[in-house]
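The following questions and answers concern the architecture of one protein model. Please consult the sequence and the coordinates alongside them.

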Amino acid sequence: MSRHALVVGSGLAGSLTAVYLARRGYLVRVLERRGDPRAPGVREEGRSINLGLSQRGIVALREIGLLERLAPLTVPMRGRVVHLPDGLRFQPYGLAEDQILHSVLRHDLNVALVDEAERRGVEFLWGHRVTAVDRAKPAVTALGPDGEEVHTADLVIGADGAFSAVRGHLGRGRRVDLHQEFLEWGYKELLIPVGDDGRPRTELRALHVWPGDDGLIVAHPNADGSLTATVFLPFDGEHGFAGLTEPGRVRDFFARRFPDTLTLIPDVVEQFLDHEPASLVTVRTSPWHSTTDEGRGIVLIGDAAHAVYPFFGQGMNAAFEDCSTLDRCLAAHPHDLPRALAAFEAARKPHTDVLAELSERNFVELRDKLRSPLFLVRKKVDLALHRLFPRKWVPLYTLIAHTTVPYGDALARARRQDRLLDTALAATATLAGATLAGLVVRSRGTRSPGGRKV
Ligand code: FAD
């Protein structure tokens with residue numbers, strides 16, 4: 001007999017997990033508070049317009065057979081172009097041909113996943129906002145166009161994003177850890193349009209970064225030749241969103257901090273003032289699941305379980321990795337849902353906690369370090385060592401973006417490499433210092449008291 005699954009949220013994680021569950025033989029229904037994204041005129045509101053897809057997401061999309069079909073909608077990014085006051089620097093992502101990221105519109109990806117899920121028999125109920133969850137059954141109450149409805153299922157999946165209603169109800173009356181932290185910076189998205197000649201205004205096949213400690217921009221390319229730039233700024237202060245509310249000040253700010261954006265985005269001031277800033281949140285919670293004595297259960301996936309800051313470009317990729325891990329756990333324990341859900345949480349939670357830490361760290365890297373010559377030298381040495389010992393030495397970024405090594409293992413390995421690099425660089429500095437001191441002593445020793453060389 002088929003088991004019933006109810007997925008709350010048809011975002012990236014919800015629609016992908018619906019595909020996996022349908023493949024595994026579940027009868028799947030998805031409840032989504034928004035309307036059908038395929039309806040004419042529907043645009044993605046709020047969240048980022050385009051996203052960087054990397055290895056973890058690629059593996060999941062390949063598993064469900066969607067990668068090839070998505071390829072024409074994506075733009076490959078071979079590295080990052082850093083915009084500095086004295087010009088542009090290109091930093092490749094990796095050595096191998098396939099060590100690239102792919103930029104894709106959230107809307108296109110979401111529509112492709114919903115189409116694929118429907119093709120596999122998944123039923124989507126649009127305009128259904130989940131308002132309550134009963135853990136004991138489990139049952140979900142949703143407010144739909146015709147009023148309140150109650151849906152029951154063997155497995156309920158909370159894929160309803162960073163401010164998950166399912167998470168709130170999962171925790172009611174239980175000992176639940178919940179840590180939610182807002183960054184003091186927010187973001188606005190601006191369009192770098194195609195040039196008047198119909199060509200991209202800047203290198204298309206790369207991620208663009210304007211680093212800075214009082215504001216930074218990251219831009220992803222779009223398949224039509226435009227780019228979407230995300231401007232990250234502090235909420236408060238003269239040079240934050242609160243202070244930049246008047247056209248003259250906005251223009252001066254961009255002219256001073258990001259001068260080339262004035263030519264890349266001719267209407268930068270209008271666009272900037274036209275958008276409201278959005279906030280960035282990290283969420284850590286535990287437990288992610290609950291089960292009943294009858295062997296039913298509820299589990300959180302994606303941002304509902306672990307929202308992270310977007311600075312490592314891994315939120316969606318981690319959410320996709322959740323979906324494929326959950327599928328493997330269901331396959332490993334086909335008749336024991338509680339064990340499958342426990343195995344899933346044990347496999348993912350320690351690593352998504354590390355991802356939260358890495359995402360915070362990358363904020364500091366993009367903000368403060370990308371302009372530091374010492375940091376750039378270190379990056380070059382890191383990459384040179386990878387070139388010399390491709391298997392033995394792998395930079396952290398490569399491990400996170402271009403492999404499926406679990407996040408925690410990647411960080412542990414990178415820390416070992418960092419220690420080695422520190423020791424090597426310190427030894428080099430000592431050697432250079434000693435050589436220099438030797439030269440000074442020798443050159444001093446060969447001078448006469450009058451200062452003339454003898
Ligand atoms: P969501 O995409 O938020 O989907 C949740 C869904 O649930 C939505 O459709 C929502 O309408 C629905 N929902 C919510 N509440 C209810 C309810 N009560 N009832 C019914 N439905 C409900 N990640 C990357 O991997 N690469 C990137 O380059 C990247 N860039 C980013 C840039 C920015 C600026 C931001 C903010 C994030 C970025 N991310 C990136 C992260 C990525 O957007 C998220 O990790 C991803 O969207 C998580 O997917 P999700 O399905 O878990 O949640």
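Angles under 35 degrees count as roughly parallel, over 145 as roughly antiparallel, 65 to 115 as roughly perpendicular and the rest as oblique. The model discussed here is predicted.

Q: Are H1 and H4 roughly parallel or roughly antiparallel to each other?
A: Helix H1 spans residues 12-23 and helix H4 spans residues 106-119; their axes lie 9 Å apart and pack at an angle of about 25 degrees. Angles under 35 degrees count as roughly parallel. H1 and H4 are therefore roughly parallel.

Q: Is the crossing of H1 and H4 left-handed or right-handed, and which class of residue has nine members in their contact?
A: The crossing of H1 and H4 is left-handed. H1 contributes Leu-12, Ser-15, Leu-16, Ala-18, Val-19 and Ala-22, which meet Leu-109, Asn-110, Leu-113, Val-114, Glu-116 and Ala-117 of H4. Two residues of this contact are polar, one is charged and nine are nonpolar.

Q: Are H1 and H10 roughly parallel or roughly antiparallel?
A: The axes of H1 and H10 are 9 Å apart, and the packing angle is about 25 degrees. That angle makes H1 and H10 roughly parallel.

Q: Which residues of H10 meet H1, and is the crossing left-handed or right-handed?
A: On the H1 side, the contact is made by Leu-12, Ala-13, Leu-16, Thr-17 and Tyr-20. Their partners in H10 are Met-316, Ala-319, Phe-320, Asp-322, Cys-323, Leu-326 and Asp-327. By class, the contact of H1 with H10 holds nine nonpolar, one polar and two charged residues. The crossing of H1 and H10 is right-handed.

Q: How many residues surround the ligand, and which element gives the most to the shell around the ligand?
A: The ligand is surrounded by 33 residues, and the closest are Gly-9, Gly-11, Gly-161, Gly-302 and Gly-315. Two or more residues of the shell come from each of H1, S3, strand S9 (129-134), helix H9 (303-306) and helix H10 (315-332). By class, the shell divides into 13 nonpolar, 13 polar and seven charged residues. With four residues, the element that gives the most is H10.

Q: What distance separates the centres of domain 1 and domain 2?
A: The protein chain is divided into domain 1 (4-77 + 105-180 + 283-355), domain 2 (182-279) and domain 3 (374-445). Taken over C-alpha atoms, the centres of domain 1 and domain 2 are separated by 31 Å.

Q: Which strand gives the most to the side of domain 1 that touches domain 2?
A: In this contact, 11 residues of domain 1 meet 13 residues of domain 2. Strand S3 (50-53) and strand S4 (75-77) each supply at least two residues of the domain 1 side. That side has seven nonpolar, four polar and no charged residues. The strand that gives the most, with three residues, is S4.

Q: Where is Pro-138 found, and is the peptide bond from Lys-137 to Pro-138 cis or trans?
A: Most peptide bonds are trans. The bond from Lys-137 to Pro-138 has omega near -5 degrees and is cis. Pro-138 is found in the loop between S9 and strand S10 (139-144).

Q: What is omega for the peptide bond that joins Ser-286 and Pro-287?
A: Pro-287 lies in the loop between strand S17 (278-286) and strand S18 (289-291). The peptide bond joining Ser-286 and Pro-287 is cis, with omega about 0 degrees.

Terms used. Residues numbered from 1 in each chain as written. Predicted model: local features only at pLDDT ≥ 70, side-chain atom pairs only at ≥ 80, totals over all residues. Axes fitted to C-alpha atoms, helices over the stretch in contact; angles between N-to-C directions. Left-handed = near helix turned anticlockwise from the far one by under 90°. Contact = placed C-beta atoms within 7 Å. Nonpolar A, V, L, I, M, F, W, Y, C, P; charged D, E, K, R; others polar. Domains from an automatic or database assignment. Near = placed C-beta within 6 Å.
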